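Hello,

Here is the structure for your records. My notes on it follow below.

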Amino acid sequence: MAKKSLIQRKQKRKKLEEKYRLIRQSLKKKRKGSSLNPKKIKEIQRKLQSLPRNSAPIRLHRRCLFTGRPKANYRDFGLSGHILREMIHACLLPGATKSSW
């Protein structure tokens, strides 16, 4: 299981991302959608950079639901490869089969 501090950090980042999502999207649309003069673009970019760093969606990280492992996660299942393999061997995931050749 992941450390409690890492789980709390993840939750904090998720809340910040949700809070600033609309502001960030509107600023990006203004910057991208129009052909403004360079001064206006720099001003919009400065506003984007003034938002909290942890409010950026790129800083969110998927973790395994069972172990909290941050790497080798499958989006479809939300599980790490190791746990996914164990569940497939135990026939706990319908439709998923163990590959053999």
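Is Arg21 buried, exposed or partly exposed? Arg21 is partly exposed, at a relative accessible area of 37%. Buried means under 20% relative accessible area, exposed over 50%, and partly exposed in between (1.4 Å probe, protein chains only).

Some ground rules. This is a predicted model, where local features need pLDDT of at least 70 and side-chain atom pairs count only at pLDDT 80 or more, while totals for chains, interfaces and linings use all residues. Residues are numbered from 1 along each chain as its sequence is written, and side-chain values use heavy atoms, with hydrogens and water left out.

Salt bridges

The count comes to two salt bridges. The rule asks for a side-chain nitrogen of Lys or Arg within 4 Å of a carboxyl oxygen of Asp or Glu. Glu17 and Arg21 form one of them, at 2.8 Å from N to O. Both residues lie in helix 1, four residues apart, about one turn of the helix. Helices here are DSSP runs (H or I, at least four residues), as are strands (E, at least two), numbered from the N terminus. Glu17 counts as buried, at 8% relative accessibility.

Glu43 and Lys47 also meet in a salt bridge, at 3.8 Å from N to O. They lie in helix 2 (residues 38–50), again four residues apart. Glu43 is partly exposed at 39% relative accessibility. Lys47 is partly exposed too, at 42%.

Arg13

Arg13 sits in helix 1 (residues 4–33). Arg13 is buried yet has no salt bridge. The nearest side chain of opposite charge is Glu17, 11 Å away. For charge, Lys and Arg count as positive and Asp and Glu as negative; His and the chain ends are not counted. Beyond its neighbours within four places in sequence, Arg13 is in contact (heavy atoms within 4.5 Å) with Asn54, Arg59 and Leu60.

Helix 3

Which residues of helix 3 (residues 81–89) are buried? They are Ile83, Leu84, Met87 and Ile88. Seen down the axis of helix 3, its buried residues fall within an arc of 135 degrees, so they line one face of the helix. The arc is that of the directions from the helix axis to the C-beta atoms. His82 and Arg85, on the other side of helix 3, are exposed. Strand 1 (73–74) and strand 2 (79–80) are included in what covers the buried residues. Just after helix 3, Cys91 takes a positive phi of about 60 degrees.

Best wishes
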